[in-house]
Amino acid sequence: MTGTSGTSGTPGTPATPGYGALAEQLAADAARLADHAVRLSDLAARVRGNPIVPAWFGDLIEGQIARCAAASADLTRAAEATRDRAVRECDRAGEG
């Protein structure tokens, strides 16, 4: 198996992805976490005020929403930095 960097893995081991593939995965993970935050916000809005929902649930779900949003922002920054690295690696490879 060959990764996008052209580096082959050892038999039975997946190849290490190149920076471009890693940036795409980081961006996809960031989007997924942002979607989770939206779904959790929707859930919180739907159950707010429902007497069956325990009192602690509001704080719990708000904390989860905040953590999803923070992780999404972190992964977005990581994806951008990794894309920049991919561009530098491509530029460097073109020089040789």
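A salt bridge here is a side-chain nitrogen of Lys or Arg within 4 Å of a carboxyl oxygen of Asp or Glu. By this rule the count comes to three, and R48 with E62 is one of them, their closest N and O atoms being 3.6 Å apart. R48 lies in the loop between helix 1 and helix 2 and E62 in helix 2, so this pair ties together parts that are 14 residues apart in sequence.

A word on the source: this is a predicted model, where local features need pLDDT of at least 70, side-chain atom pairs count only at pLDDT 80 or more, and totals for chains, interfaces and linings use all residues. Residues are numbered from 1 along each chain as its sequence is written, and side-chain values use heavy atoms, with hydrogens and water left out.

**Overall fold**

The chain has two helices and zero strands; helices (H or I, at least four residues) and strands (E, at least two) are DSSP runs, numbered from the N terminus. Buried residues make up 19% of the 96 in the chain, where buried means under 20% relative accessible area, exposed over 50%, and partly exposed in between (1.4 Å probe, protein chains only).

**Salt bridges**

| Pair | N to O distance |
|---|---|
| D29 and R32 | 2.7 Å |
| R48 and E62 | 3.6 Å |
| R77 and D74 | 2.3 Å |

D29 and R32 are three residues apart in helix 1, about one helical turn. R77 and D74 are also three residues apart, both in helix 2. As for exposure, R48 is exposed at 56% relative accessible area, while E62 is partly exposed at 40%. D29 is partly exposed at 24%, as is R32 at 43%.

**Core and helix contacts**

The largest nonpolar core has seven residues: A37, A44, V47, F57, I61, I65 and C68. Such a core is a set of buried Ala, Val, Leu, Ile, Met, Phe, Trp, Tyr and Cys residues joined through side-chain atoms within 4.5 Å. Helix 2 gives the most to this core, with four residues. Leaving out residues up to four places away in sequence, A44 touches I61 and E62, contact meaning heavy atoms within 4.5 Å.

Further along, S72 sits in helix 2 (residues 57–95) and is buried at 10% relative accessibility. Beyond its neighbours within four places in sequence, S72 is in contact with A30, L33 and A34. C90, also in helix 2, is exposed with a relative accessible area of 57%. Its C-alpha atom is separated by 9.8 Å from that of G20, 70 residues apart along the chain.
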